[in-house]
Amino acid sequence: MGECPVPFFRYLYEEVGRAYHWTDRLSWSDETIRAYLATPGVSVWLMSWEEAPAGYFELRQHEDGSVEIAYFGLLPDFIGRGWGKHLLTRAVRSA
């Protein structure tokens with residue numbers, strides 16, 4: 001995915017994380033999100049279906065060269081279709 005707009009970043013985080021009670025980024029300001037997304041080694045990858053977002057993962061490269069899958073998940077409408085394993089495989093290969 002190209003540059004991730006702040007509202008879209010919020011949408012993905014909130015919708016994917018709602019069922020899992022993700023809360024650590026809910027209080028982030030727009031400026032905090034922009035700065036985070038501009039951090040070298042941080043990338044957001046989107047999976048879509050018929051132009052609708054279906055899931056995403058976020059990679060974060062650390063100073064030692066290791067890459068963390070920081071966030072990963074499907075939007076609620078796409079859970080149960082067997083797509084999670086495809087997205088996770090893509091995340092691991094990209095990392």
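Residues are numbered from 1 along each chain as its sequence is written, and side-chain values use heavy atoms, with hydrogens and water left out. In this predicted model local features need pLDDT of at least 70 and side-chain atom pairs count only at pLDDT 80 or more, while totals for chains, interfaces and linings use all residues.

**Aromatic pairs**

Rings of Phe, Tyr and Trp (its six-membered ring) pair if their centres lie within 6.5 Å; planes under 30 degrees apart are stacked, over 60 edge-to-face, and the rest tilted. The count comes to nine aromatic pairs. Two of them are tabulated here.

| Pair | Centre to centre | Angle between planes | Type |
|---|---|---|---|
| Phe8 and Tyr11 | 6.1 Å | 20° | stacked |
| Trp22 and Tyr71 | 4.9 Å | 70° | edge-to-face |

Phe8 and Tyr11 lie three residues apart in helix α1 (residues 6-17), about one turn of the helix. Helices (H or I, at least four residues) and strands (E, at least two) are DSSP runs, numbered from the N terminus. Phe8 is partly exposed at 23% relative accessibility. Tyr11 is partly exposed too, at 35%. Buried means under 20% relative accessible area, exposed over 50%, and partly exposed in between (1.4 Å probe, protein chains only).

The pair of Trp22 and Tyr71 links distant parts of the chain, 49 residues apart. Tyr71 sits in strand β3 (residues 67-74), and Trp22 in the loop between α1 and α2 (30-37). Both Trp22 and Tyr71 are buried. Together with Tyr13 and Tyr20, Trp22 and Tyr71 form one aromatic cluster.

**The cavity**

The whole structure holds one cavity of 30 Å³ or more. A cavity is a set of points on a 1 Å grid over the protein atoms alone where a 1.4 Å probe fits but cannot get out; lining residues have an atom within 4 Å of a point. Grid points are joined across faces, edges and corners, and the volume is the space filled by probe spheres set on the points. The largest cavity has about 50 Å³ of space. Its lining is Phe9, Arg10, Tyr13, Glu14, Arg25, Leu26 and Ile33. Helix α1 gives the largest share of that lining, four residues.

**Around Phe57**

Phe57 lies in strand β2 (residues 52-61). Phe57 is buried, with a relative accessible area of 2%. The C-alpha atoms of Phe57 and Tyr71 are separated by 5.3 Å, though these residues are 14 apart along the chain. Not counting residues up to four places away in sequence, Phe57 touches several residues (heavy atoms within 4.5 Å), among them Trp45, Tyr71, Phe72, Leu87 and Arg90.

Terms used: 1 Å grid on protein atoms, 1.4 Å probe; cavity = no way out; pocket = protein on both sides within 12 Å on 5 of 7 lines; lining within 4 Å.
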